[in-house]
Amino acid sequence: MPLTQTQNHLSEAIKARIENSEAKVIKAIFPSITNHHNTLFGGEALAWMDETAFIAATRFCRKPLVTVSSDRIDFKKAIPAGTLAEIIANVIHVGNTSLKVEVNIFVEDMYNDQREHAIRGVFTFVAVDDNRKPTKVWTEE
């Protein structure tokens, strides 16, 4: 994944850590998780996105984290039952005590080589210490 403009100033160690923290999850869309339109229920998609973002953020900093916000979530394409959803999360910004993770969901036909971008969002996490107080998300050694 190419680094964003805010990441250009980061050290090589942080850049490598960002690259190695990518998280990917693939889910099958069964009728039990769809809405009355027979497409993936939006709340299910959000839960998957938050979980995959959490995995990427944890892989980056290896510290306890809490989700503090989700930026605009864009539902660009419905994800119908009988398809696959690939959720990909990448750290896009590293702050002092927080980090941002971009999450994209792609819908893939089960029986054809067709894949489309369906949903995008950004989640912000804060690293916390044993007292649940914010702590540095990254300390370069």
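Reader: Is E116 buried, partly exposed or exposed?
Author: This is a predicted model. In it, E116 has a relative accessibility of 34%. That is partly exposed, because the class runs between 20% and 50%.

Reader: Which residue forms a salt bridge with E116?
Author: K77 does, and the closest N and O atoms of the pair are 3.8 Å apart. That counts because the cut-off is 4 Å.

Reader: Where do K77 and E116 lie?
Author: K77 is in the loop between β3 (74-75) and β4 (83-94), and E116 is in strand β6 (residues 115-127).

Reader: OK, what about R115? Which residue does R115 form a salt bridge with?
Author: R115 pairs with E86, and their closest N and O atoms are 2.6 Å apart. This pair links distant parts of the chain, with R115 in strand β6 and E86 in strand β4, 29 residues apart.

Reader: Are those two buried or exposed?
Author: R115 is partly exposed, at a relative accessible area of 42%. E86 has 13% and is buried, because buried means under 20%.

Reader: Which residue does D74 form a salt bridge with?
Author: R72, with the closest N and O atoms 2.6 Å apart. R72 has a relative accessible area of 65%, so R72 is exposed.

Reader: How many salt bridges does the count come to?
Author: Seven.

Reader: Changing topic. What does the secondary structure come to?
Author: Two helices and six strands. Along the sequence the pattern is α-β-α-β-β-β-β-β.

Reader: What does the C-alpha trace span?
Author: About 50 × 30 × 20 Å along its principal axes.

Reader: How much of the protein counts as buried?
Author: Of its 141 residues, 38%. The protein exposes about 8,100 Å², and carbon and sulfur atoms supply 50% of that area.

Reader: What share of the contacts comes from residues 24 or more positions apart?
Author: They account for 69% of the contacts that have a separation of 6 or more.

Reader: Last one, charges. How far apart are the mean positions of the positive and negative charges?
Author: There are 16 positive and 18 negative charges, and their mean positions are 5 Å apart.

Conventions
Residues numbered from 1 in each chain as written. Predicted model: local features only at pLDDT ≥ 70, side-chain atom pairs only at ≥ 80, totals over all residues. Heavy atoms only, no water. Salt bridge = Lys/Arg side-chain N within 4 Å of Asp/Glu carboxyl O. Buried < 20%, exposed > 50% of the residue type's maximum accessible area, 1.4 Å probe, protein only. Helix = DSSP H or I, 4+ residues; strand = E, 2+ residues; numbered from the N terminus. Contact = heavy atoms within 4.5 Å. Areas by Shrake-Rupley, 256 points an atom, 1.4 Å probe, with all protein chains shown as cover. Lys, Arg positive; Asp, Glu negative; His and termini not counted. Charge placed at Lys NZ, Arg CZ, Asp CG, Glu CD.
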